[in-house]
Amino acid sequence: MSQRYFESVTHANVYAKFRPCPPKQLGNRIINYLKEKYEGELSLCLDAGCGNGQSSNLFSSDFKKVIATDVSSAQVTVAKTMNHPSNIEFLVSPAEQIPAKEGSVQVVSASQACHWFDLPQFFKETKRVLCSNGIVALSGYTFPKFIHPTREQDFQRAFDLLYYQRTGPYWGSGRELVDNEYSNIVLPFEDFIREEFWTEETRTTISEFVGYITTWSGYQNYCKNHGAQAGEEILTEFTSSCLKAYENNKDEGQFTIRRKYFLLMGRKGKE
Ligand SMILES: C[S@@+](CC[C@H](N)C(=O)[O-])C[C@H]1O[C@@H](n2cnc3c(N)ncnc32)[C@H](O)[C@@H]1O
């Protein structure tokens, strides 16, 4: 069964502002894997569960057209207001019903999204729309790793309190698949592989990081259950713990983080 947690306009707006875009390295790896066996034109890529297009941009310069779909009309509405390349078409559509003709797509991709899909139905649709030697690429990313010479554990403790204890009960079951880095998803496709890589270290501020937390479906569900004020309080608790960890440190208010990306790929094979 698919799970829907990204339906409100408020959520779609914070998502657009604070979610990371996957690195170009991810898109390049997917396209190189496709080209190992596919030699034709790159005419159509499908990005399922596209959000506001964070992942769709990875493919727009290599493919003639990208169809980016999401089941949430709020996410798609916000995506359309953003400055995306004109060869990306955003559509409201469930991943389990792909708006493309049989055999017309070279890459079906889903970034940080397939854990919410009805996977057997999504795989069936993917097989229908992929061309011979077309590929499916399912990627995701972990929560960030904090980089600090002496305070990593303090930040991690503040984060764990927020994730496991405060918002823990408010995540859908799909979240477990991400925590396991998709290692228990098997693609019913040929040449199935799983890869992972870390991003470079990046700097972010505590307030940007708190903005990212507001994009979590677990946080949004927490607010639905306990009210916006209670939501603010758990963010304040997290911020205070981080600032405390920075005591006497000139970097106060900034984080250095890295993210791990994981990627599953498989090929339709020749018919
Ligand atoms: C965590 S966001 C990922 C968005 C974007 N791909 C990214 O990389 O940030 C997950 C998205 O999947 C969408 N989604 C969840 N279930 C879906 C389904 N069955 N079909 C299509 N989209 C779905 C949600 O509405 C949400 O926008």
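## Aromatic pairs

Across the whole structure, a search finds 28 aromatic pairs. The model is a predicted one.

One of these pairs joins Phe146 and Phe209: the ring centres are 5.6 Å apart and the planes meet at 55°, so the pair is tilted. Phe146 belongs to strand β6 (residues 145–146) and Phe209 to helix α8 (residues 206–213), so this contact ties together parts that are 63 residues apart in sequence. Phe146 has 2% relative accessibility and therefore counts as buried. Phe209 also counts as buried, because its relative accessibility is 2%, with the limit for burial set at under 20%.

## Tyr163 and Trp171

Tyr163 and Trp171 make an edge-to-face pair, with 5.5 Å from centre to centre and 75° between the planes. Tyr163, at 5% relative accessibility, counts as buried. Trp171 is at 14% relative accessibility and so counts as buried.

## The ring cluster

Both pairs described above fall within a cluster linked by ring pairs, made up of Phe143, Phe146, Phe155, Phe159, Tyr163, Tyr164, Trp171, Phe209, Tyr212, Trp216, Phe238 and Phe255.

## Charges over rings

Trp171, a member of the cluster, has Arg175 over its face, at 5.2 Å from the ring centre. A further charged residue, Lys127, lies over the face of Phe189, 5.0 Å from the centre of that ring.

Key:
Residues numbered from 1 in each chain as written. Predicted model: local features only at pLDDT ≥ 70, side-chain atom pairs only at ≥ 80, totals over all residues. Heavy atoms only, no water. Phe/Tyr/Trp six-rings, centres within 6.5 Å; stacked < 30°, edge-to-face > 60°. Helix = DSSP H or I, 4+ residues; strand = E, 2+ residues; numbered from the N terminus. Buried < 20%, exposed > 50% of the residue type's maximum accessible area, 1.4 Å probe, protein only. Lys NZ or Arg CZ within 6 Å of the ring centre and 35° of its normal.
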